[in-house]
Amino acid sequence: MTTQTTAPDTPSTPAAGAPSGLIGIPPHIGRALATAGGVLTIISTFLSWTWTADFPGDLTVYGYPGGLQVLVLIGGLLTTLFALASYGVKGLGWLIPAGADGALKFAALTTFATAWYTVLAISVELGGVVNLEPGGYLVAVTSLAALIGALALPFQRPVPEPADPDETSGERFRREAAHQWETVKASFASGTPRPLGKLPAYAEILIIVGILALGLIVFTYGIGTEYDELFIGFLLTAGFGFAALNKAGLISQASQLTARHQNITVCGAFVAAALFPFTQTDDQYATIGVYILIFATVALGLNIVVGLAGLLDLGYVAFLGVGAYAAALVSGSPNSPFHVHFPFWAAVLIGAAASLVFGVLIGAPTLRLRGDYLAIVTLGFGEIFRITANNLDGTSGPDVTNGSNGIASIPNLDILGFDFGAQHDVAGFTIGRFANYFFLMLIITAVVVLVFRRSGNSRIGRAWVAIREDETAALAMGINGFRVKLIAFAVGASLAGLAGTVQAHVTYTVTPEQYLFAGPIPPNSAFLLAAVVLGGMGTISGPLIGAALLFLIPNKLQFLGDYQLFAFGVALILLMRFRPEGLIPNRRRQLEFHEEAEAPTVLSTTGA
């Protein structure tokens, strides 16, 4: 007697493993619908979406997209281009090295999400859908049509697990839900990108320059968004749009290209970053830029400890505070008990050295611990530093840090006659105070990147990776685990102290409350660790991008008020669920989470 373990196929249910779409529309009709929807969405952005200018961005103008319409226009262009490429239109094949369908679905989702967010925001803020003009109704219909058409494109459905005749209703529900989720993931999957052919060196360099210029434009647009609705729309467009480019295989080919010219890419990235202040009309966003660089530099130092050596440090922000306090005490502040004013180079060396000493003093007795025990000890060190700085006020202890009032009135830097607190005219551009510190911090970030690259590719860097992967095996191979971990702790601490010396001059004041374990405003230890994990542990670009996102997004989402940390936590949970290796993982770590991925010929120790 045999038991039937799989449900029979029915005419309404696609056969397991057979190509079909999520929506029961013939594929050729779905593709045409997606193409037409993309074209009509582009046209709708040149129409008026509402009758009143009360909605931010003035969406009342005909013939000139503004505000959120520009983002929908970008989504519509991506949808149209990928749809035309899927038809094999000559000259568009380079857009889809990994295939068109997955990219088309994400592009249509980009357009739909941004368009419907805008329409709903207009309806809610202005009091109903009656406030929509014909362009608003048109974009809602066409973006939905494009998405429906894209979801009708066929894909290889996964084979469901056989049913167990003894399973309970709950187990059956979980099995079916898991299969449905696997089906949805398969519908957005793409093929393996074809290898990028060899191009002339000048052509490859020009493409890299174009990629960096595009990155500068996107960052400048995102940081300059003037109202909350536009920034949320930017996040939707950038997030889903990046996914579409990734599914198309363009991100993979860009990575191949930059890997061929790593030094040129790194230098070009710093040149693009240096151009950022020249894109601003005032110092408002240069302020955010310099704080992002401080946060990113400290995160990159923590990446040595966490990403390379595999040591969980929950009190790392204390090293930033040690460097900031050390520099503030010797930089001429009237609140300093030492009453000395050292030049900047001396203050930098003192700040980095003080953090290094504290790193060794804390690491020497604690680095024989592992895992959670080490994390608890480092968390305690971070809190001890903050409490001690609070108590060195002349009442509870010696008068060194001025207690909770901190060390205030730290003077601006003056290096070789260049006053960082004054405005300067450069080639017709006015560079303000924060832009001056932005350039200085960019140099320090370059130094930290150089240290990370050289140390990560050195013998000590390979020892860090060995300790991270399997400490017992590394010890058996003759690696001095304690010494290697102590070096990682000391180097990471000194790099944080280096950034702290600049932070002290940028903020004018150093107080204990700036160096918490967790809080809504970075940098703090929780945000620093999240930046490393979010961006991609063990890489250079990962923590830099993670730090930029974690500083920029809370800064732009202040309207959430007390819900900022809640939104931040939800975002991290979703990221760890769907991309646990981080936004820009190294290849080794990516293979740990995605065993089905194709193994590379050469594994890098530090990643991209």
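Predicted model: local features only at pLDDT ≥ 70, side-chain atom pairs only at ≥ 80, totals over all residues.
A residue is taken as buried when its relative accessible area is under 20%, as exposed when that area is over 50%, and as partly exposed in between.

Helix α12 covers residues 344–366, which makes 23 residues. From the first C-alpha to the last, α12 reaches 33 Å, close to the 33 Å expected at 1.5 Å a residue. An α-helix has 3.6 residues a turn, so residues three or four places apart point the same way.

The structure holds 15 aromatic pairs. One of them is formed by F278 and F439, whose ring centres lie 6.0 Å apart with 40° between the planes, a tilted arrangement. Because F278 sits in the loop between α9 (262–274) and α10 (284–308) while F439 belongs to helix α14, this pair ties together parts that are 161 residues apart in sequence. F278 has a relative accessible area of 27%, so it counts as partly exposed. F439, at 24% relative accessibility, is likewise partly exposed.

A second tilted pair is made by F319 and F381, with centres 5.2 Å apart and planes at 35°. Here F319 lies in helix α11 and F381 in helix α13, so the pair ties together parts that are 62 residues apart in sequence. F319 is buried, at 1% relative accessibility, and F381 is buried too, with a relative accessible area of 8%. Returning to F278 and F439, both belong to one aromatic cluster that also includes F219, F276 and F438.

Elsewhere, helix α2 (residues 68–86) contributes L78. Which residues does L78 touch, leaving aside those up to four places away in sequence? The contacts are with A107, G241 and L245. The C-alpha atoms of L78 and A103 are separated by 8.9 Å, although the two residues are 25 apart along the chain.

Key. Residues numbered from 1 in each chain as written. Heavy atoms only, no water. Helix = DSSP H or I, 4+ residues; strand = E, 2+ residues; numbered from the N terminus. Expected span 1.5 Å × (residues − 1). Contact = heavy atoms within 4.5 Å. Phe/Tyr/Trp six-rings, centres within 6.5 Å; stacked < 30°, edge-to-face > 60°. Buried < 20%, exposed > 50% of the residue type's maximum accessible area, 1.4 Å probe, protein only.
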